[in-house]
Amino acid sequence: MDYQALYRKYRPQRFNEVVGQDHVIHTLAREVVEGKIAHAYLFAGPRGTGKTTSARLLAKALNCENLGSDGEPDDTCASCVGIREGTSLDVIELDAASHNKVEDIREIRINVGTVAAAAGARRVYILDEAHMLSRAAGNALLKTLEEPPDHVVFVLATTEPYKLLDTIRSRSQRFDFHPVPIETLMDYMEEISSREGFQPDATGLATVATHSRGSVRDALSLLEQVAALGQGAVTAELAGRALGLADSEAFVTLAAAVQHQDAPSALGLVARLASQGADLRRFVSEAIGFFRGIFLAQYSPNLEEVADEPAETLAQWRLHSKELTPAEVLRAVDILGEALHDVRQGREERLVIELALLRLTRPETSPDVDALTARIGRLEAQIRELQRATPGTSVTASEAEASPFAPGSVEPTKADDTAAADAEDTSSAAKPASKGETAKQQATSTPAAPKQPSAPAADIDLRSFETVWPQIVASIREELGPRRHAFVKEAVPVAAEGGVVTLHLPDHLPFHLEQLQADEELQSSITAIAADRLGGSITLAFGSTSAAPAAAPEPERVPDKAQMLEEGDGETDPTALVVDILGGEIISE
């Protein structure tokens, strides 16, 4: 016999040989045993998951002469052999891609009325790629599909069930075939390899199973190809060569380049893959899946339930999820997705990919909001790392772990120290202390010594001080942080006389007033900054708005229109008015 491809050679001939579709097989076998056969079935699912094979097994079970008690065909009787070899007259397989016209459906309707080849047998019509039927052909099939003769069963197989007419779906009993899990595929391929004399390893089978995307047919085809390349050996390296894949180290290098913003490393990676003959388009597609896995690891504690991947891949995702921030990961998915789209549009493949990696590793080169978000996310991660390492920080470990940003690995700088101090002040201001706690803090804290005045007492007025007051408030934020700045910015200068400046706060902010009166360090900073701006020292006094002096009387208001009209009732001599305005003299002739 001529050589057969593995997926044809090992096509299941019994229900228990079907891989990964137990929910479908058990139901069909039970219906056959109980005699509750539907007149039409709809098998939907991805390619290579067993739709057409299950339709043939159903036909064998319906016509088997020695059917088992569990609904299994014996695969030895004349009917089973005829169906297996494709010579049975009771199983008609049609390809809807080439039989999608009304004339083809009319022929089916004529043949449906004919009796089966054997007495008591069932005639099974298997319509592959049923979604390819035209709308007119689908409507022509409706009546026959709903009420076929008792000995006729229709099985419609499709990868895109949503393209079928709703009226066809409603007349069929639907079974959804699922992608086969990776572990199940690996076990099945290991069994086939032992029968064929292959020498596979775990990583090689995992690579083949991963890139088959849940399709048993694709998995066996790729297994056969890799085994032929390696003379019976099946390894991850051979699978990569057969598919033009990048090795796993390429994605580790890419993640490190994004983390450390190492553009030369990313560009060198593209050059290496191109020189090795790797498919760059597939590399970008796989990189998108890689960053998707990192994103899932950052937000899904039950990663094994969310992603169907080998344990080694899940461990790698978790490792990188701690090194990259979510903003960087999402930005990588977006940029690589755009690059893949551009490459598919026929643009220069390598150039597009290099520009995409440059944008990934150098966010400052990209003016978009996502790049700025990624940079901010990394700074926030550095701040949180500093707060974990610095004793006395106001952020607890549990709060830091609950943060959606993973800590970065970039060494903190002096600017980061300042940002961390500001963040600490912000967290303190967000939770005001009670009066008892305030008194306790005042009793235990040692205020900083006031700065010595650099000049004699300043002789200033209120207007001069109001000119420099906004500069003083801004300087307080830079020197003492946002918490104290929040107190100072509510104060308003109301008087300045003899070097004494009085600041008032609104009545509804008594807490701010107490803090300003008690914080000697803050007062010392204000006086020092004022002395630097005004060229002389000042003394501060605080009060509330209710104690402010009475407001100056309002200036006399301009008379309104009504008043002007009332006072303008008297007659006015126009000649006298012109003389008065122009300073002229009237000369009579």
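## A hairpin, a cavity and some buried residues

In the hairpin of β8 and β9, which has two residues between the strands, G498 takes a positive phi near 65°. Strand β8 covers residues 492-497 and strand β9 residues 500-505, and they pair in the antiparallel sense over five bridges. E497 has V500 in β9 as its bridge partner. Two strands count as paired here if DSSP finds at least two bridges between them. Helices (H or I, at least four residues) and strands (E, at least two) are DSSP runs, numbered from the N terminus.

Some ground rules before going on. This is a predicted model, where local features need pLDDT of at least 70, side-chain atom pairs count only at pLDDT 80 or more, and totals for chains, interfaces and linings use all residues. Residues are numbered from 1 along each chain as its sequence is written, and side-chain values use heavy atoms, with hydrogens and water left out.

How confident is the predictor? The mean pLDDT of the protein is 79, and 78% of its residues reach 70 or more; pLDDT is the predictor's confidence in each residue, from 0 to 100. Over residues 393-454 the pLDDT is below 50, though this stretch still has 71 contacts in the model beyond near neighbours in sequence. Contact means heavy atoms within 4.5 Å. Where pLDDT is low, the predicted coordinates should not be read in detail.

A cavity is a set of points on a 1 Å grid over the protein atoms alone where a 1.4 Å probe fits but cannot get out, and lining residues have an atom within 4 Å of a point.

Which residues line the largest cavity? They are I92, L94, I108, Y125, I126, L127, L141, F154, V155 and L156. The elements giving two or more residues to this lining are β2 (91-95), β3 (123-128) and β4 (152-158). By class, the lining has 10 nonpolar residues, no polar and no charged. Ala, Val, Leu, Ile, Met, Phe, Trp, Tyr, Cys and Pro count as nonpolar, Asp, Glu, Lys and Arg as charged, and the others, Gly among them, as polar.

On to single residues. Buried means under 20% relative accessible area, exposed over 50%, and partly exposed in between (1.4 Å probe, protein chains only).

| Residue | Relative accessible area | Class |
|---|---|---|
| L205 | 4% | buried |
| F175 | 9% | buried |
| D75 | 17% | buried |
| E129 | 29% | partly exposed |

F175 sits in strand β5 (residues 173-176). Leaving out residues up to four places away in sequence, F175 touches V24, T27, L28, E31, Y41, L42, F43 and A44. Its C-alpha atom is 9.7 Å from that of A157, 18 residues apart along the chain.

L205 belongs to helix α9 (residues 202-211). Neighbours within four places aside, L205 is in contact with M186, M189, E190, P200, L223 and V234. The C-alpha atoms of L205 and M189 are separated by 7.3 Å, with the two residues 16 apart along the chain.

What about phi in D75 and E129? D75 has a positive phi of about 65° although it is not a glycine, and E129, also a residue other than glycine, has a positive phi near 50°. D75 lies in the loop between α3 (51-63) and α4 (78-85), while E129 is in the loop between β3 and α6 (135-146).

Methods
1 Å grid on protein atoms, 1.4 Å probe; cavity = no way out; pocket = protein on both sides within 12 Å on 5 of 7 lines; lining within 4 Å.
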